[in-house]
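Subject: Structure handover and what was found in it

Dear colleague,

I am passing on to you the structure we spoke about, and below it you will find some notes on what was found there. Please read them with the structure open beside you.

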Amino acid sequence: MADVKETLNTTDWMKKKRWEKTFRDRLDPKYDELKWLYAELYNNDMQAFQYFCEMLYKSFKDRSAELKKWDLGREAMPEWFSGNEMLGMLMYTNAFAGTLKGVQSHLDYIEECGVNYLHLMPLLSSPKGRSDGGYAVSDFRTVEPALGTMKDLSALAEGCHARGISVCLDFVMNHTSEDHEWAKRARAGEKEFQDRYFFFDNWDIPNEYEKTVPQVFPTTAPGNFTWCDEAGKVVMTSFYPYQWDLNYRNPTVFNDMTENMLFLCNQGVDIIRLDAVPYIWKTLGTNCRNLPEVHSLVRIMRIAAEVVCPGTLLLGEVVMEPSKVVPYFGTVEKPECHMLYNVTTMASTWHTVATRDVRLIRHQLETVFALPKEYVFLNYLRCHDDIGWGLDYDYLKQFGTEEVAHKKYLNDYLKGAWYGSDARGELYNDDPRLGDARLCGTTASLSGIEAAEYEQREDKLDRAIRLDLMLHAFLLTQSGIPVLYSGDEIGQRNDYSYHEDPEKAEDSRYLHRGSLDWNSVENRKKKGTRENRIFTGIREMTKLRAKHRVFENAADTWILETWNDHILGIGRYYRGEKLLALFNFSDQDETAWINEEGDYRDLMTGESREAKAVGVPAQDFVWLLTKL
């Protein structure tokens, strides 16, 4: 009865608050669900819940008048991010232009690329040499000084908004740096702050966790726990020893981390990328991945954003197979993330490049095409991370494919160790015992551009550029938001200089995290250069995508049977426009044995073309459009 009475008092308390009408109008319809979810997670701790609600109002009050206008526009058009005109670009601030002010000085170039969704990789304060690329945050309210200030971030966001560009920022929510203020006080023995993490007096309970919890980095950071000398205790560190897992069973952690997220939104950040979100709830005896409580937390964060800053989107980083990814969308009635990564299609794309066999990717896309059109995926060829081979090996078994041997082939091919391969990549987290290495490299180098230019072979370069553009055409054909990795728009190659940097040498992901070569960027204006050919090719395709509504997320999509295992066929239809897209992954010219009625036009050439027995050159593509 005490719990019920306390809940009723909480409702009365909320009614007495003199909150602004706009805030109240947003909160009231969601209040009961919010309270129920919070009470279920935190054992009816209504004091913590009241604090949470007060924090939401404070964050709302702190939001600028300009951003509140921005919110109103987004509220009027809630599906603003699902149109065919969306194009993203992912970048490290220091690699692109040194600082946030440097990024702002190059907004003309970003706009020239057609980008209206700018994803800035982690830029908050992190300790040098122990940052995991910025994913070990020591202060969620401070920008890394070498990159600028919070004021610079706000100014950049304002400059982006003036050009219709949205800003995305990573929110590292599973852990903090061991240098974070909470961690320092925990090391000093303050129980209040040790309770914000997972501290244990000895190895008994950690050893029980280890029986069921997989290791994230078994070779570079084995185990899930680290001994802390200063505290004389064991602390949970799922990723690296300097990244301490936060204890979301503690409502203070959730309240303060949600406030940190909303603080970033109030700097003008439009999209919050929830880093490593499946890991944030830990329960002994489980694998500590994708537990039901994670979804409750994300749902509450969605409500918090809708109440405080409804122009904000949540992007979930869930790097897992589709069956585990899709639940993070939530339901139509109770949505969670607005967008998720289409990681399986990315990995399947490079599998198809290496095998020249489209059966796996066709099978995988059939799964994606069957999902509700309300689901918005971020699609990409390359990103800051490695390529992990989380493929559907149950499906591949029917073709006699053995997992370990196949992974070795993919890695050998894409690092150029297979006869005839012009791809140039490097392994990441190689585990010879399990045969489970992952792969690094830029799109251009994996497509053969680096090898062709090294050998000074124009024929190879032509073929490699054709493959690079075909892969981007495939990216742009998918529903969702296509995201370019900075440098891919000019075919930037691998950067091997990381081998000479002692702080980077052990992490081969820096192979594709090199600084943008602005002299190379200038070459985009010189006709015939590699940069010009790729830049103009991608730009032409993105303009066509924005022009034709058949590329909208709401379009019907299906696999087009080509009767050729080297050619992937995709059909799209929306409001009287029908597109047939054909992608030849073979190094030989091939024929797509389709037989479609209608008057079609080749979108890339403008010429009329029959959609019957369509010839597709080696490693090239065809976009055929008709109006019904």
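A residue is called buried when its relative accessible area is under 20%, and exposed when that area is over 50%. With that cut-off in hand, Ser-238 counts as buried, because its relative accessibility is 4%. Please keep in mind throughout that this is a predicted model.

Ser-238 sits in the loop that joins β9 (233–236) to β10 (243–245). Leaving aside residues up to four places away in sequence, Ser-238 is in contact with Val-216, Gly-223, Asn-224, Gln-243, Asp-245 and Lys-282.

For contrast, you could turn to Ala-370, which is found in the loop between α16 (359–369) and β14 (376–380). Is Ala-370 buried or exposed? Ala-370 has a relative accessible area of 63%, so this residue is exposed. Although 186 residues separate Ala-370 from Asp-556 in sequence, their C-alpha atoms are 9.7 Å apart in space.

Turning to the protein chain as a whole, its secondary structure consists of 23 helices and 23 strands. The radius of gyration of the chain is 25 Å, close to the 25 Å given by the globule rule for 628 residues, and the chain is therefore as compact as a globular protein of that length. Among the contacts with a separation of 6 or more, 70% are made by residues 24 or more positions apart.

As for the interior, 62% of the 628 residues count as buried. The largest nonpolar core holds 183 residues, and within it Leu-274, Phe-583 and Trp-623 touch the most other members. Helix α21 (residues 458–477) gives the most to this core, contributing 11 residues. There is also a second, separate core of 14 residues, and its members include Val-216, Phe-239, Tyr-242 and Ala-276. Val-216, which belongs to that second core, is also one of the residues that Ser-238 touches.

With best wishes

Definitions and conventions
Residues numbered from 1 in each chain as written. Predicted model: local features only at pLDDT ≥ 70, side-chain atom pairs only at ≥ 80, totals over all residues. Heavy atoms only, no water. Core = buried A, V, L, I, M, F, W, Y, C linked by side-chain atoms within 4.5 Å. Buried < 20%, exposed > 50% of the residue type's maximum accessible area, 1.4 Å probe, protein only. Helix = DSSP H or I, 4+ residues; strand = E, 2+ residues; numbered from the N terminus. Rg over C-alpha atoms; globule rule 2.2 N^0.38 Å. Contact = heavy atoms within 4.5 Å.
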